[in-house]
Amino acid sequence: MTTMTKITTIIKDEGRRGRPFDPQRLEQFIIEKLDVDDEAYITKIKRTIEQHDTYEAERITDLLIHTALEYVDEANPQWTYVAAKAFLTRLYKQASRNRAYDAAEKYGDFYGLLKTLASKGIYAPDILKKYSRDEIKELSSIIDPDRDLLFDFPGLHLLATRYLATDHDKNIYELPQERWLVIAMHLMQDEDTTKRGELVREAYWALSNLYMTVATPTLANAGLTHGQLSSCFIDTVHDSLIGIYNSNTDVARLSKDGGGIGVYMGKVRSRGSAIKGFKGASSGVVPWIRQLNNTAVSVDQLGRRKGAVAVYLDVWHADILAFLDLKLNNGDERHRAHDIFPGVCVPDLFMETVKKRGDWYLFDPHEVRTVMGFDLADFYDEQKGAGSFREKYEACVQSNKLHKRKVPAIDIMARIMKSQLETGTPFMFYRDEANRMNPNKHVGIIYASNLCTEIMQNMSPTEQVSETFDGDEIIIRKRAGDFVVCNLSSVNLGRAVSDDVLERLIPIQVRMLDNVIDLNTIDVKQARITNEKYRAIGLGTFGWHHLLAQEGIVWESEQAVELADTIYEKIAYLTIKASADLAKEKGAYPLFVGSDWQTGAYFEERGYADDGRWGALKRDVAAYGLRNGYLMAVAPNSSTSVIAGSTASIDPVFKPFFYEEKKDYKLPIVAPELDHQSYDIYRRSAYIVDQRWSVKQNAARQKHVDQSLSFNLYVPNNIRAKVLLDVHLQAWESGLKTTYYVRSTASHIDECEWCHA
């Protein structure tokens, strides 16, 4: 009897059509398209398919991807790029089918893509209106499909599933290089037409080579009909019922468009304060924070993610202890707000009082305003150890007309650290240092930071001044406060430094950021006004640990500190110069006169003025102005660093190699360029490195960053209270303006000697 060989049928077109499985054809595809000539991999793919009577064609791509990912480990990180190539073939095929072109060409007609998605209401019509068809055709020629090969699998998958433009049914139309070109064309649409094409080319070069990333909202929304381009916003809540509710409405409007929100509540009266003379009537800040919590949960960002709101309160506010309990898992749920992110505004005097174990006093801000005639929040210490804040604070302490509560400062700090170990928050905002180093202190004050603690810009509450009617129209008038807008973009240190392109990269990056200000569509008018007054941007970095690995520099070393100093001074110089050059071309920001930029104080405070090139830049800025009132801020970059295939922000890696659990598979995460040489650099990972060295590094870079840094502390869950306190004190004494999450783990950490010091 003859034994018949079983032949697997490959099902195509949703089960309507089948053909016999051709192993040789699949092998040829793997060798030619995936550039893999590995017998074990090919054999495993074939055998898996041949075990089935039928196999869907679409599942073959999944099989190629998941099998490649199974091969990824510390010794074989290259398999993540094999998985990425397999995933690319799917993207090319889906786009070609939806756009009706030959998949072998990879990329179809770019002009046709613009027309198609504009007709579907996905793309805004701006590019088609402002660029001629010939311009679009010419610019489409710069698309380089080979740059798709720069993506590893996690980066490509994240870009494709979250950020590539699709139709309303989530069908793939736009491909990675087209996303970069759309962003470049969108951001350059209003530039002088005589040089616009070259600027688009430069922006595409920067993006497509993964030398930089734009902020997540810009990545997701540039060129589209919906959403805005800025990362986050900071509001200052006015101490009135209307002010509180107006702020909540503004938060909702911005959150729906993809903005993260920071809210300063320090001016709102505390629990038991008077309302219209009725003593004890106020319920304090906690109910209003719970309301913001509900807004964050209820107003999601087009289904992509729920809203995110950070709330800041001063450490002298009478409600501070209740505020510190907001995210704890025990206690009265009526006094909890689990979805907001608390931050504490801390003056130097408090940290000094903690060190000497002294008493701290809590006040109701409304009573202080009423009795003392000033707002304690409006002052800061102009010098280390001396200044107007401590003078006003002491006046409040000595006043017999004020109600006050005395609490040991160390008890408050202990509550802060307890909450940090349990919930990761509160964030720390060192308000005196932030304001001393504020280049625009001539026109305002910084009360708090943003959702990610890297933004330091002038703030003030918006006040409703009248409500009148004319016939059946109700007319509301408001006095706009400084409502902060964060316009972010980041340099990929792991690529840009090694390829020596910072001098070319940063000028186009600053121009892109500056154009975000003019192109952005922000519903909240006071945010638009503030955006135009300061023209603030936040150029940051990611890939720090990646860079250390490339340079062979251990995290816990003076070399790492010196490199941080050198690299960030260079980036600061290039960023300020780029903004100064833009000012020559387009004019300075409206509030430039009187700023530390204009007077030269900015350069003198940082010791730049005696350096030859810095001195020349200082004179150039004074003569021609600066385009942007704030320039640098180092954001977390958790998503965009994945897309760019590097390490997040200024953080150490979590581990050199680990698995991230997905719904139906495990995604291997490998440190970039991991090999036998870089492994020892990455081995000193997040929960192992001595955090005191991280503080030293950040103190070195903070000197060169006019705003702040998203600086996470990584600690074991059983860290001694004294050790964590010492790290906080070191951060404050080193001149840091903020710290972000305290990320703790309960698991055993090998070689974590520092936390037992």
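1. A quick term before we start: helices here are DSSP runs of H or I with at least four residues, numbered from the N terminus. Keep in mind, too, that this is a predicted model. With that in hand, have a look at Asp620, which sits in helix α27, residues 612–624.

2. Is Asp620 buried or exposed? Its relative accessible area is 19%, and buried means under 20%, so Asp620 counts as buried. Leaving out residues up to four places away in sequence, Asp620 touches Lys584 and Gly625.

3. Next, find Arg535 in the loop between α22 (525–534) and β16 (538–542). Arg535 is buried as well, because its relative accessible area is 6%. Its side chain makes a polar contact of 2.9 Å with the side chain of Asp518.

4. What else does Arg535 touch, once neighbours within four places in sequence are set aside? Besides Asp518, its contacts include Asp514, Ile517, Tyr589, Arg627 and Tyr630. Val670 makes a handy landmark: Arg535 and Val670 are 135 residues apart in sequence, and their C-alpha atoms are 38 Å apart in space.

5. The structure has 6 cavities of 30 Å³ or more, and the largest cavity holds about 80 Å³. Around that largest cavity you'll find, among others, Asp235, His238, Asn246, Lys478, Phe483 and Gln526.

6. Which helix gives the largest share of that lining? It's α12, with 4 residues. Both β5 (232–236) and α12 (241–255) supply at least two lining residues each. By type, the lining of the largest cavity splits into 7 polar, 3 charged and 2 nonpolar residues.

Definitions and conventions. Residues numbered from 1 in each chain as written. Predicted model: local features only at pLDDT ≥ 70, side-chain atom pairs only at ≥ 80, totals over all residues. Heavy atoms only, no water. 1 Å grid on protein atoms, 1.4 Å probe; cavity = no way out; pocket = protein on both sides within 12 Å on 5 of 7 lines; lining within 4 Å. Points joined across faces, edges and corners; volume = space filled by probe spheres on them. Nonpolar A, V, L, I, M, F, W, Y, C, P; charged D, E, K, R; others polar. Buried < 20%, exposed > 50% of the residue type's maximum accessible area, 1.4 Å probe, protein only. Contact = heavy atoms within 4.5 Å. Polar contact = N/O pair within 3.5 Å; in protein donor to acceptor, adjacent residues only side chain to side chain.
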